[in-house]
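Student: I have a model open and would like to go through its folds and contacts. Can we take it piece by piece?

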Amino acid sequence: MDLGVRERIAKRAAQELIDGMIVNLGIGIPSLIPNFLRNRRILFQAENGVLGIGKSPAKGEEDANLCNAAGYPVTVVSGASYFDSATAFAMIRKGLIDVTVLGGLQVSEQGDLANWLVPGKRVPGVGGGMELAQKTKKVIVVMSHVNKDGEPKIVSTCSLPLTASRCVDLIITDRAVMEVTDEGLLLTEIMVPYDVKDVISHTAAPLRISNMLKCIE
Amino acid sequence: MTKVRNEYGKIISIEQAVEKITDGCSLMVGGFGGVGSPPSLLQAIFDKGVQQLTLICNDTAFPHIGVGPLVSQGRVKKAIVSHIGSNPIAGKRLHEGTLEVEFCPQGVLVERIRAGGAGLGGILVDIGVNHEWLAKGKQTIEVDGKRFLLELPLTADISLVYAKKADPFGNLIYDKSARNTNPLVAMAGVMTIAEVEEIVPLGELDPEEIVTPGVFVHYIVQSYGVNWKWIWE
């Protein structure tokens, strides 16, 4: 995916975040989301122990002891707090995070998420993804619609090891937006220049089509 | 190195501290992606050539940062961590079979460390309770109709932490997100050594602001500061 596509996904995901929310962003595309959230009152949490992350510092003003969970320098907003990682995960397990936006390798039609391991290729470990996926009120997955080999990443049943089962609420890809419902996946938006036929043919799970289906630029 | 009076005999040199760290010991290290890891102690352990370590840490950092070099250079036989994703050499060693890794979800790992430091016999968590690999071999316990995994506490022969300030008793305060796992790791060591940016006289730290009470800290060393380049630099 080129930068433009990643930013379009991030921009669409940003629309899900509203004032007053506590939000945890994963690395990759999710980290681009704050660029599309000017002047909003949202508190970003990082599992290393910060609540109230602000914009990236200017070059030369980085503080090595003030970083996000990916190890990159951040700033904090008024009202921010620092705490140890056990407290960070207390917030997560207690369900105090309103939204988390995570990357994905596969999502199933029941909302199962696989995003940490490719057997025989990479074994990075799950980090804090399991807690975030299992305990956050709303889990949004942002990812490319198909993998590098052109295979669908939205599937009936995940073949990769799961991060958490039945946890995903919304999937945003470079081609479409889909809600995970009790009746399976509901296609609600199509990203220009793709069409419904293309999205269906590149999705390996049944899609119901919303009667409010929208196209987004 | 400092004009502070050593009233409790806890202030020692890096060289004295490293004498306590020997081949085959279990070593718990504070820090998250290298941020908040004690640079001077880690460098001295590396230089001493300590081998066969069991490492307990949030992660294996980056190849040249924090605990990264110990892992990259084969000084660690087993790592208990939440991920190794930022250290590709750790992944290579895992595949080669020269490094054993016990993966633990991050929040469970820190809570196991907290349990070890708090004298608890274990913790009950529902993270991954139905997960094929995470639940494997673990006892499940039902409480009020809900199933939990029994996760066991973690302690270590030596805990190494990094703090902003210590007084001679070992009371510690931390610096922003460099706090991360340090207060938990500080409690969990049979012996805890704190590397600090500044040692201040007794009475200078406000009791209200102290994060780690000095009773958990056995030794204090003065840091020489970070000697690696951060990934963002």
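Student: Which residue in the turn of the hairpin formed by β6(B) and β7(B) has a positive phi?

Tutor: This is a predicted model. β6(B) and β7(B) form a hairpin with 2 residues between them. In that turn, a positive phi of about 50 degrees belongs to D144(B).

Student: What stands opposite V125(B) in β7(B)?

Tutor: β5(B) and β7(B) pair in the antiparallel sense, over 3 bridges. The residue of β7(B) opposite V125(B) is L149(B).

Student: Which strands are at the edges of this open sheet of 3 strands in chain B?

Tutor: The order is β5-β7-β6 in chain B, and the pairing is antiparallel. Neighbouring strands are turned by 45 degrees against each other on average, direction ignored. An edge strand pairs on one side only, and here these are β5 (123–125) and β6 (140–143) of chain B.

Student: Which helix lies across β5 and β7 of chain B, and at what angle to β5(B)?

Tutor: The helix spans residues 106–117 of chain B. It is α5, running at about 165 degrees to β5(B).

Student: Where do the buried residues of α4(B) lie around the helix?

Tutor: The helix covers residues 88–96, and its buried residues are A90(B), G91(B), R93(B) and L94(B). Seen down the axis of α4(B), they fall within an arc of 165 degrees, so they line one face of the helix.

Student: What covers that buried set of α4(B), and which residue with a positive phi follows the helix?

Tutor: The cover includes α3 (68–72) and β4 (100–103) of chain B. After α4(B) comes a residue with a positive phi near 90 degrees, G97(B).

Student: How many helices and strands does chain B have, and why call it as compact as a globular protein of its length?

Tutor: Chain B holds 6 helices and 11 strands. The globule rule gives 17 Å for 233 residues, and the radius of gyration is close to that, so the chain is as compact as a globular protein of that length. Its C-alpha trace spans about 55 × 45 × 35 Å along the principal axes. The radius of gyration itself is 18 Å.

Student: What share of chain B is buried, and what share of its contacts joins residues at least 24 apart?

Tutor: Of the 233 residues in chain B, 52% are buried. The contacts to consider are those between residues at least 6 apart in sequence. Of these, the share joining residues at least 24 apart is 73%.

Student: Now chain A. Which strands stand at the edges of its open sheet of 10 strands?

Tutor: The order is β4-β3-β2-β1-β5-β8-β10-β11-β12-β13 in chain A, with mixed pairing. The twist averages 25 degrees from one strand to the next. Each edge strand has a single partner, so one side of each is left without a neighbour in the sheet; these strands are β4 (76–82) and β13 (207–216) of chain A.

Student: Which element gives the most to the side of chain A that touches chain B?

Tutor: In all, 33 residues of chain A are in contact with 37 residues of chain B. Two elements of chain A give two or more residues to that side, α2 (85–93) and α3 (129–135). The residues there divide into 16 nonpolar, 10 polar and 7 charged. With 5 residues, the most comes from α2(A).

Student: What do the buried residues of α2(A) pack against?

Tutor: Those residues are S85(A), A86(A), A88(A), F89(A) and I92(A). They cover an arc of only 155 degrees around the axis, which puts them on the same side of α2(A). They pack against α3 of chain A together with α5 and α6 (182–188) of chain B.

Student: Which residue with a positive phi follows α2(A)?

Tutor: Its phi is near 85 degrees. The residue is G95(A).

Terms used. Residues are numbered from 1 along each chain as its sequence is written. Chains are lettered from A and ligands numbered from 1 in the order in which they are written. This is a predicted model: local features need pLDDT of at least 70, side-chain atom pairs count only at pLDDT 80 or more; totals for chains, interfaces and linings use all residues. Helices (H or I, at least four residues) and strands (E, at least two) are DSSP runs, numbered from the N terminus. The radius of gyration is taken over C-alpha atoms; the globule rule is 2.2 Å times the number of residues to the power 0.38. A residue is buried if 20 or more other C-beta atoms lie within 10 Å of its own, exposed if 12 or fewer, and partly exposed in between; C-beta atoms are placed from the backbone. Two residues are in contact if their C-beta atoms, placed from the backbone, lie within 7 Å. Two strands pair if DSSP finds at least two bridges between them. Axes are lines fitted to C-alpha atoms, for helices over the stretch in contact, and angles run from 0 to 180 degrees between N-to-C directions. The arc is that of the directions from the helix axis to the C-beta atoms. Ala, Val, Leu, Ile, Met, Phe, Trp, Tyr, Cys and Pro count as nonpolar, Asp, Glu, Lys and Arg as charged, and the others, Gly among them, as polar.
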